[in-house]
Amino acid sequence: MTTPDAATPSNFISTIIKEDIKANKNNGQVVTRFPPEPNGYLHIGHAKSICLNFGLAKDFDGRCHLRFDDTNPSKEEVEYINSIKQDVAWLGFEWGEHLYFASDYFGQLYDYAVELIKRGKAYVCDLDAAKIREYRGTLTEPGKNSPYRDRSVEDSLDLFVRMRDGEFEDGSRVLRAKIDMASGNLNMRDPVLYRISKVAHHRTGDDWCIYPMYDFAHGLSDSIEGITHSICTLEFEDHRPLYDWFLDELEVDCHPQQIEFARLNLSYMVMSKRKLLQLVNGGFMSGWDDPRMPTISGLRRRGYTPESIRNFCERIGVAKRDSVVDIALLEFSIREDLNKRAPRVMGVLNPIKVVIENYPEDLVEELDAINNPEDPGAGTRKIPFSRELYIEKEDFMEDPPKKFFRLAPGREIRLRYGYFITCKDVVKDDSTGEIIELRCSYDPATRGGNSPDGRKVKATLHWVSATHAINAEVRLYDNLFTVENPALQKDGADFKECLNPNSLKVLTSCKLEPSLAGATPGSLFQFERLGYFCVDPVDSNNKSPVFNRTVTLRDTWARIQKGKKK
RNA sequence: UGGGGGAUGGUCUAAUGGCAAGACAGCAGACUCUGACUCUGCCUAUCGGGGUUCGAAUCCCUGUCCCCCAGCCA
């Protein structure tokens, strides 16, 4: 046994496993699995499960299988299998040789079904879907036995073979377990094991026209693979008696333990595959990898790192109560990671021109800038300074309030790594009154940003040289929804009604320092004083670079303003 | 009104009969060539009512509230 390292917080599942190991259950072995259905893209909620399952295997010196739960070919596609594999690997987990598909077990599962019939524990039922529903009863009333329930073993066997051989139409018959139509647990009211579906399977082709249901396939697949701890989400809690029933009735050697935990919810986000699919299909998102999506591919495109997601999953913990994690915690995790690793650069999102009147017309100076103060090894770079610059529009106010430290008429500030400049004049558009240019002077003695006489300035601003800057598109992202829990809408309102109309803002005339020319797609930067940005891996190219804002920097000034408005 | 679960600061998670802890958020301050980072301090919690016990978030009784289940989806 390996003791989990101190960094891995304990949770009720690792506690159970520790006790199992102590009792030498499963010979002290730990085998988990991550079992996605290939019917959609993985999201941050799956990441929680992936980190849990692979993390537990690692902590206890076991292994974790990647198994596709592909028992419903009408909803599943190879595209999803590939994206899921990519996402799990990108998150940093290795399944090695342990890649499996429930469809690999179709033959064995079929044999198990036959065995169940032989044991008098399953029967072919001719009721249609509506009748089965009717016979099932309700939450408060018991169900009724199907008229086919007492069909002989021979008849059921014969019918089941003929189901497999394609003799019957879709929906005309099913194989059901014979359990208890009066059970308070609806899952035990003779659940369906196999249905007829003459649909080609993405892996087994036309080999089968009957497919096993989740409850039947899942536990047995776990058993076949020698899983010790089958970890799933809370809604499967009342499936557990059924999970155990199949394994007990078939007297298999390996009987994994199902343990349930609460799925992840994030504030200002929806997490259900169904809802995410609606956003994609309804054209609300550019795709599954839209940077506003909580999908792994969306987060990756947004600029999230695998490590930040893993840290996040560790911090949120694992428990059984329903919860909604503040999205601020996710943002904290990526800021924390990027602060350490992202090179600093300067870029102006909403440019306003600054002319340094006493700076020589054709002089260009190369100034030294630190690439990452958190990482001395990252070195320095040169940035050009010239007479005409751009600064951020919101870094200037003609009539500044008390706590505004930035540039204003007559005020001196520092241009980062540049010079102290003082605003001398404001040029406005005659017709609109809009400020179009600031006329400033600079102090040549402050080159590099230090004043020899020791005088202080209240602010340091980012800037770029007008003639040297490259143009770029920058996409600013905000919460996808305007309310904390969009899934919990009153009066049956659609969750899409609280989509944030400002979740994406595209800025097309941004000016970036020249070192950013040709930046690698996917690479990450801190735009000083603004936030972390990543080169969009899809839409960016050398001619027209596109940057996604991963997350803003913590912004005290914004909070002061917000507090004032109240 | 059947069955299965769950209630610890604003949020998430620990404490398994012995000082209610950590992270995020928030507030105040220090530092600062990023109003960032970092550092310091503060605010805020055991669902209610009984009981057992020297001692209860934890055990017992009782009540309340929340979530899940009536797919031939997973």
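Modeller: What follows is a set of questions and answers on a predicted model.

Colleague: How is chain A divided into domains?

Modeller: The assignment gives domain 1 (12-263), domain 2 (273-342 + 476-565) and domain 3 (347-462). The centres of domain 1 and domain 2, taken over C-alpha atoms, are separated by 35 Å. Their contact takes 25 residues from domain 1 and 24 residues from domain 2.

Colleague: What area do domain 1 and domain 2 bury between them?

Modeller: The figure is about 2,200 Å², with 69% of it on carbon and sulfur atoms. On the domain 1 side, Tyr41, Ile44 and Trp90 lose the most area to domain 2, and together they make up 32% of what that side buries.

Colleague: Which residues touch the most other members of the largest nonpolar core?

Modeller: They are Ile44, Val88, Leu266, Leu279, Phe312 and Phe481, out of 54 residues in that core. Helix H2 (44-59), helix H3 (78-90) and helix H12 (327-341) are among the elements that each supply at least two residues. H2 gives the most, with six residues.

Colleague: Why is this core said to lie between domain 1 and domain 2?

Modeller: Both domains give residues to this core, so it lies between them. Apart from it lies another core, of 36 residues, including Met163, Ala177, Ile210 and Leu250.

Colleague: What does valine 88 touch beyond its neighbours within four places in sequence?

Modeller: Valine 88 is in contact with Phe34, Leu42, Ile50, Phe54, Phe93 and Trp95.

Colleague: Why are strand E1 (31-34) and strand E3 (99-101) placed at the edges of their sheet?

Modeller: The sheet is open, with three strands in the order E1-E2-E3 and parallel pairing. E1 and E3 each have a single partner strand, so one side of each is left without a neighbour in the sheet. Direction ignored, neighbouring strands are turned by 35° against each other on average.

Colleague: How do you know that E1 and E2 count as a pair?

Modeller: Pairing needs at least two bridges, and four bridges join E1 to E2, so the two strands count as paired. Phenylalanine 34, for instance, has leucine 66 in E2 as its bridge partner.

Colleague: Which helices lie against these strands?

Modeller: H2 packs on the sheet and touches E1 and E2, its direction making about 160° with that of E1. Helix H7 (residues 214-225) lies across E1, E2 and E3, at about 140° to E2.

Colleague: Why is phenylalanine 216 called buried?

Modeller: Buried means under 20% relative accessible area. Phenylalanine 216 has 0% relative accessibility, so it counts as buried. This residue lies in helix H7. Not counting residues up to four places away in sequence, phenylalanine 216 touches Leu109, Tyr112, Ala113, Leu116, Leu193, Tyr194 and Phe246. Tyrosine 194 is 22 residues apart from phenylalanine 216 in sequence and 8.3 Å apart in space, C-alpha to C-alpha.

Colleague: What makes asparagine 24 and asparagine 26 partly exposed?

Modeller: The class runs between the limits of 20% and 50%. Asparagine 24 has a relative accessible area of 47%, and asparagine 26 is at 28%, so both are partly exposed.

Notes: Residues are numbered from 1 along each chain as its sequence is written. Chains are lettered from A and ligands numbered from 1 in the order in which they are written. This is a predicted model: local features need pLDDT of at least 70, side-chain atom pairs count only at pLDDT 80 or more; totals for chains, interfaces and linings use all residues. Side-chain values use heavy atoms; hydrogens and water are left out. A nonpolar core is a set of buried Ala, Val, Leu, Ile, Met, Phe, Trp, Tyr and Cys residues joined through side-chain atoms within 4.5 Å. Buried means under 20% relative accessible area, exposed over 50%, partly exposed in between (1.4 Å probe, protein chains only). Domain bounds come from an automatic or database domain assignment. Contact means heavy atoms within 4.5 Å. Axes are lines fitted to C-alpha atoms, for helices over the stretch in contact, and angles run from 0 to 180 degrees between N-to-C directions. Buried area is the accessible area (1.4 Å probe) that two parts lose on being put together, summed over both.
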